[in-house]
Amino acid sequence: MLQNKTHQGITIFFALVFLCPGLHAATWLVGASRTYPLPSTVKNLVNDGDTIYLDGGTYVNDAVKWEKKNLKFIGMGTSQNPTVMKYTGDISNGKGIWVFEQPGVSDNAYIENITFDGAQVSDGNGGNGAGIRYQSVNLHIRNCCFVNCQNGILEGGNYNGSQVIIENSEFSNNGYNGSNSSYIGYEHHIYISANTDSFVVMNCHFHDPRGQANSLKTRAQRSYILYNLIDEASGNGSWELNIAQGGMLVVIGNVIIQGPSGANHGIIGWDAVTNPLEELYFINNTVINKFAGNVRFVNVSPVSDITAFKFYNNIFASTTGASNTLFSGNIPAVLDTSNNLFIPNFVSFNFANSTDGDFNLLASATTAIDHGANPGQTSTGYNLAPAFMFQSDTLPLLQRNISGAAIDIGAYEYGFPTFLSNEMQNQLAISVFPNPMRKEAIIEMMANDLLDGMNFSLYNVQGQVVMKDIPLVLKKTKITAENLPLGIYLYKVIRHGEMIVTGKIVLE
């Protein structure tokens with residue numbers, strides 16, 4: 001279960017913009033010893049913009065349809081006593097444990113540090129119960145866990161333009177668990193509909209799917225799959241990444257593992273081309289196959305209309321006894337491959353400890369180190385160079401810099417300091433307050449002797465600089481944002497040309 005995890009701001013040039021809650025938003029405390037013992041007991045009391053804090057503990061068979069927007073749900077549990085929404089048996093609402101089903105009424109939900117366990121509905125209701133069923137606009141999930149559900153997150157409805165962020169979360173043992181064979185393979189860790197404009201999943205851990213579930217199935221117009229561990233492990237899944245109807249897919253810095261007993265022995269599948277953009281950028285991933293049989297690493301169904309199909313700096317590695325096909329189906333004419341590395345037996349390659357899932361490079365991995373190419377940008381100007389590396393969904397991403405003559409191949413860069421020393425980290429402590437901010441905020445540095453050469457820059461959702469190189473020459477520096485649109489911005493602190501701190505500022 002994932003609770004109380006370290007947070008880290010990530011410059012991904014995408015943000016979910018929440019509407020500013022009212023000045024008189026209320027706070028609700030839910031728990032066994034509280035006035036309101038269950039989430040359902042505050043359902044008809046909350047108003048737009050309220051925050052619901054949930055004590056640690058297990059809330060059993062308490063399914064709720066939320067009918068207000070801009071709600072924030074914060075689990076206050078710990079690793080010893082997590083906040084768990086658990087369901088046993090079929091959920092009578094036919095949808096899920098928490099449901100947001102009315103666009104314009106239940107939009108902009110933020111959910112943090114909560115586990116959703118055991119969501120299922122009857123076969124008569126479709127057999128597709130979800131930990132979270134989201135049919136409204138805009139969703140942000142952080143530090144959550146979805147386990148033993150037919151769907152971890154099932155997102156879809158009759159609207160357009162929604163934005164979904166899922167970060168620092170775990171998905172385990174999700175998929176159809178009934179006996180009706182017609183439902184097998186249609187429930188997943190995450191399903192995202194075509195009504196979603198932008199979908200980001202970052203620093204998450206997917207493992208052990210059941211019922212031939214996909215790890216990620218997306219129909220979104222734009223999907224950013226960044227720095228995750230997607231591991232079929234001992235589960236019975238199908239595609240690790242299912243691109244159901246195209247879109248613009250940016251897949252960077254992931255470790256993707258097909259287990260030894262998956263259902264269709266395919267890792268990445270592209271099914272159709274019905275979205276306006278039809279582009280796939282697959283950059284600096286490490287893809288491992290553990291099935292000793294016929295394996296398709298990338299399978300493409302549509303015969304035309306894919307306009308970009310770029311594979312740069314990836315490691316594709318298999319196991320002894322496998323019959324490997326790297327690209328199968330209707331291979332696009334625009335296929336652009338460069339500096340990829342294929343390894344017939346991943347166990348024999350110079351990974352740090354592949355048997356224990358450590359796919360960092362050893363110094364002896366000379367065919368991967370310094371052998372990458374500049375991946376460039378997407379057609380929309382998104383920078384494809386990997387900026388981070390996955391270490392654990394319970395820890396922040398590691399910053400990635402080129403340590404040699406060229407970027408290394410795969411999801412990990414060899415041989416550079418991934419963290420500042422403990423002494424330097426303590427000396428470089430930075431706070432931005434208030435955050436969320438309105439018109440002004442203060443950047444406070446905790447030490448004077450490191451301010452030389454320190455600059456602060458702020459980026460909008462498109463990755464454009466809106467404040468550039470503000471010198472941090474004082475322990476406290478004021479920034480003004482009265483002319484900027486409301487939303488989430490990402491900042492960088494640079495010292496002598498090197499990025500040392502990143503973070504997030506909310507303007508409301």
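I take two strands as paired if DSSP finds at least two bridges between them. Helices (H or I, at least four residues) and strands (E, at least two) are DSSP runs, which I number from the N terminus.

I am working on a predicted model, where local features need pLDDT of at least 70, side-chain atom pairs count only at pLDDT 80 or more, and totals for chains, interfaces and linings use all residues. Residues are numbered from 1 along each chain as its sequence is written, and side-chain values use heavy atoms, with hydrogens and water left out.

**Sheet.** I looked up the bridge partner of Tyr191 and found Lys217, in E19. I then traced the open sheet. Its 10 strands follow the order E4-E7-E10-E13-E16-E19-E22-E25-E28-E31, with parallel pairing. Strand E4 (64-65) and strand E31 (323-329) are the edges, each pairing on one side only. A reminder to myself: strands of a sheet pair through backbone hydrogen bonds, either parallel or antiparallel.

**Whole chain.** I counted one helix and 44 strands in the protein chain. Next came burial (buried is under 20% relative accessible area, exposed over 50%, partly exposed in between; 1.4 Å probe, protein chains only). Of the chain's 508 residues, 57% are buried. I computed accessible areas by the Shrake-Rupley method with a 1.4 Å probe; for residues, only the protein chains shown count as cover. The protein chain exposes about 19,200 Å², and carbon and sulfur atoms supply 48% of that. For contacts, I used heavy atoms within 4.5 Å. Taking contacts between residues at least 6 apart in sequence, 73% join residues at least 24 apart.

**Asp469.** I found Asp469 in strand E41 (residues 465-471). Asp469 counts as partly exposed because its relative accessibility is 40%. Leaving out residues up to four places away in sequence, Asp469 touches Asn455, Phe456 and Ser457. I checked the spacing to Ser457: 12 residues in sequence, 5.2 Å in space, C-alpha to C-alpha.

**Cysteines.** I searched the whole structure for disulfides and got zero. My criterion was a pair of cysteine sulfur atoms within 2.5 Å. Cys144 is buried, at 0% relative accessibility. Cys149 is buried, at 0% as well.
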